[in-house]
Amino acid sequence: IDQKLEYKMRSCTEVKDCMNKPYGCDARLRPIHITSHENQCVFRQMKCKFAPFGCTYIGPLKNIDAHDIECAYKPMEFLIDQVEKLRIEAMQMTSMLSSRFAQERFILASVTNQLA
């Protein structure tokens with residue numbers, strides 16, 4: 001941040017409501033502190049970690065752990081973890097095969113050039 005802007009932000013006495021005010025947060029902060037607060041605000045709206053699998057829950061950060069325990073998708077957690085591990089392994093294998101293919105193509109090109 002430019003020093004003049006930082007000075008203005010530090011000396012500013014104006015306060016702003018947290019963007020999560022509609023969800024219950026009553027914090028009023030100076031501009032220099034608002035972003036940090038909003039990133040950690042317990043009223044920040046969060047999607048369930050099972051949203052990619054169909055859970056539609058959206059609620060405050062402070063309630064996400066309680067939702068996680070009762071989420072209808074929770075019994076699938078083991079299966080979801082296994083699928084994620086397989087996805088990572090597949091990506092690693094694809095990367096390895098791609099690298100190996102590039103090496104073999106280089107060797108083939110070198111041999112072809114020597115024969116020409």
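Tutor: In this predicted model, helices are DSSP runs of H or I with at least four residues, numbered from the N terminus.

Student: In which helix is E38 found?

Tutor: The chain has four helices and four strands. From the N terminus on, these elements run α-β-β-α-β-β-α-α. The run that covers residues 31–40 contains E38, and that run is helix 2.

Student: Which side chain of opposite charge is nearest to E38, and how far away is it?

Tutor: Buried means under 20% relative accessible area, and E38 is buried. A salt bridge requires a side-chain nitrogen of Lys or Arg within 4 Å of a carboxyl oxygen. E38 has no such bridge, and the nearest side chain of opposite charge is K16, at 8.7 Å.

Student: Which residues does E38 touch, not counting those up to four places away in sequence?

Tutor: Contact means heavy atoms within 4.5 Å. With residues up to four places away in sequence set aside, E38 touches D17, C18, M19, N20 and R44.

Student: What percentage of contacts between residues at least 6 apart in sequence join residues at least 24 apart?

Tutor: Buried residues make up 17% of the 116 residues in the chain. Among contacts between residues at least 6 apart in sequence, the share that joins residues at least 24 apart is 8%.

Notes. Residues numbered from 1 in each chain as written. Predicted model: local features only at pLDDT ≥ 70, side-chain atom pairs only at ≥ 80, totals over all residues. Heavy atoms only, no water. Helix = DSSP H or I, 4+ residues; strand = E, 2+ residues; numbered from the N terminus. Buried < 20%, exposed > 50% of the residue type's maximum accessible area, 1.4 Å probe, protein only. Lys, Arg positive; Asp, Glu negative; His and termini not counted.
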